[in-house]
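Q: Hi! Could you walk me through this one?

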Amino acid sequence: MLFNSIDFAIFLPIVFFLYWFVCNRNLKVQNIFIVFASYLFYGWWDWRFLGLIIFSTLLDYSIGNFLRNEERISRRKALLWVSVVVNLGFLGFFKYYNFFVDSFVNAFTFFGSTIDAGSLNIILPVGISFYTFQTLSYTIDVYKKELEPTKDIIAFSAFVCFFPQLVAGPIERAVNLLPQISTKRNFDKTQITDGLKLMLWGFFKKLVIADSLSPIVNDIFNNSSDYSSTTLIIGAVFFAFQIYGDFSGYSDIAIGTSKLFGVELMSNFKFPYFSRNIGEFWRKWHISLSTWFRDYLYIPLGGSKGSQVSNIRNIFIIFIVSGFWHGANWTFVIWGLFHALLFLPSFITRTNRKFTGTINVLQSPKTFIFDILRFLQTFVLVTIGWVFFRSESINQALLYLKKMLFDFTADVYVHPSGYRMMDYFIMLICFVVFEYIIRNNERNPFYFKSKALRFCLYVLMIFAIILFYDDGVDRSFIYFQF
């Protein structure tokens with residue numbers, strides 16, 4: 001079930017009403033209802049894959065309780081490895097089986113040999129990369145004795161399948177989400193109002209920004225050999241805004257929807273395109289994933305406490321694995337490798353955490369200008385990386401970049417449906433300006449004191465959503481494929 005669908009528009013009010021006004025007297029009943037609603041939400045896509053979520057839930061719940069009374073290190077490690085191998089085994093089969101088979105065949109073909117290895121018609125379960133990491137983090141935290149395992153199977157099931165963040169995050173930690181599910185939630189009008197506002201902002205980013213740019217991006221990337229370098233620049237920049245509007249929009253809707261049920265999720269985006277180097281970008285982009293890899297991969301590998309060689313090795317591992325997490329294609333691996341190379345200079349010079357505050361127009365003109373230049377430089381580098389992320393193959397990405405960067409030609413791009421391109425440029429400029437204004441309030445984009453201004457913004461965004469809504473555009477979220 002998509003957030004931006006009629007089905008969800010019917011589903012959400014019904015679930016909200018039953019949750020607060022029918023099931024609210026008993027926490028256990030309320031949590032059972034959340035599990036039921038979440039399974040319905042997920043099963044609306046394909047009920048057959050509910051078995052994977054239920055199996056993963058039972059597995060990690062059981063292992064957590066086995067770890068409760070097991071003090072022998074060897075046994076604890078064995079239990080942990082059962083969770084890791086089984087969960088990643090399912091993820092690897094559904095997401096990467098055909099990738100490894102095809103890569104194996106291509107490797108033999110490259111060296112002049114031919115082998116016959118059939119691929120399978122495997123459907124990738126929506127959200128498997130997200131809920132797999134979420135359940136794994138629970139088991140790892142219990143193993144490290146940083147979290148007390150829960151005895152409440154219903155609460156744990158709700159933690160795993162909580163529908164607002166089930167299919168595309170944020171990837172929650174049990175230490176944050178499980179206590180909220182295990183304790184009574186109160187009906188808070190302010191929290192619910194804040195949730196609705198954040199949902200409106202998320203829908204605006206998805207439907208107005210991301211979906212309106214989608215036909216242009218698809219046209220340019222699918223026919224890149226036919227277009228000039230200036231058009232390819234437009235395609236790359238528009239994709240940078242498309243994927244940001246799409247994914248951060250989803251996160252805002254998820255966080256806002258959770259607020260409707262008295263649950264606070266972690267922030268996932270903090271205006272990443274206002275970053276002054278790659279280190280700052282990764283502290284603001286897909287925060288739940290980057291911190292997951294930091295805590296459960298980078299630090300266990302030794303983090304930055306070893307020799308310079310091992311530190312650099314760890315940097316490459318975490319970025320390459322992060323790229324591979326996004327999809328079964330070498331383009332994602334190269335995208336991760338590209339970001340590792342971008343991050344490395346600031347890591348070696350210890351400037352990766354140089355910028356922690358936000359850009360401020362009231363600071364000295366010289367500092368402000370340098371900050372603007374830095375974030376433009378970072379945006380350009382990130383956008384070059386997005387070309388690999390969006391392309392179907394490494395060869396397509398290299399040809400796209402070669403023509404865009406080294407074979408300069410210019411022409412006037414015409415929208416596939418004949419719309420005025422100037423309107424899109426104006427829209428993005430207004431979007432960037434508004435994001436700059438609210439840069440310190442990612443959870444409260446309508447924080448302005450003036451009621452009249454807030455009302456005008458609500459009306460403007462609702463009108464824009466209705467105006468830009470297009471049935472002919474694929475409305476699915478980009479990160480559903482991951």
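Here is a short chat about the model, from overall fold to single residues.

Q: Before we start, what kind of model is this, and which residues do local features and totals use?
A: This is a predicted model: local features need pLDDT of at least 70 and side-chain atom pairs count only at pLDDT 80 or more, while totals for chains, interfaces and linings use all residues. Residues are numbered from 1 along each chain as its sequence is written, and side-chain values use heavy atoms, with hydrogens and water left out.

Q: Thanks! How many helices and strands are there?
A: The protein has 17 helices and zero strands (DSSP runs numbered from the N terminus, H or I of at least four residues for helices, E of at least two for strands).

Q: What radius of gyration does the protein have?
A: The protein has 23 Å, which agrees with the value near 23 Å for a compact globule of 482 residues. The radius is taken over C-alpha atoms, and the globule rule is 2.2 Å times the number of residues to the power 0.38.

Q: And how much of it is buried?
A: Of the 482 residues, 55% count as buried (under 20% relative accessible area, with exposed over 50% and partly exposed in between, using a 1.4 Å probe and protein chains only).

Q: Which residues have the most contacts inside the largest nonpolar core?
A: Tyr273, Trp285 and Trp386 do, in a core of 147 residues. Such a core is a set of buried Ala, Val, Leu, Ile, Met, Phe, Trp, Tyr and Cys residues joined through side-chain atoms within 4.5 Å.

Q: What does Trp285 touch, leaving aside neighbours within four places in sequence?
A: Its contacts (heavy atoms within 4.5 Å) include Tyr273, Trp386, Phe269 and Tyr479.

Q: Switching to helices, how covered is α11?
A: Mostly covered: ten of the twelve residues in α11 (287-298) are buried, among them Trp292, Phe293 and Tyr296. The buried residues of α11 pack against α5 (128-143), α10 (278-284), α12 (308-326) and α13 (330-348).

Q: Where is Leu457, and is Leu457 buried or exposed?
A: Leu457 lies in helix α17 (residues 451-468) and counts as buried because its relative accessibility is 12%. Beyond its neighbours within four places in sequence, Leu457 is in contact with Phe434, Phe446 and Phe448.

Q: How far is Leu457 from Ile317?
A: Leu457 and Ile317 are 44 Å apart in space, C-alpha to C-alpha, and 140 residues apart in sequence.

Q: Last one: where does Phe187 lie?
A: Phe187 is in the loop between α7 (174-182) and α8 (189-222). Phe187 counts as partly exposed because its relative accessibility is 39%.
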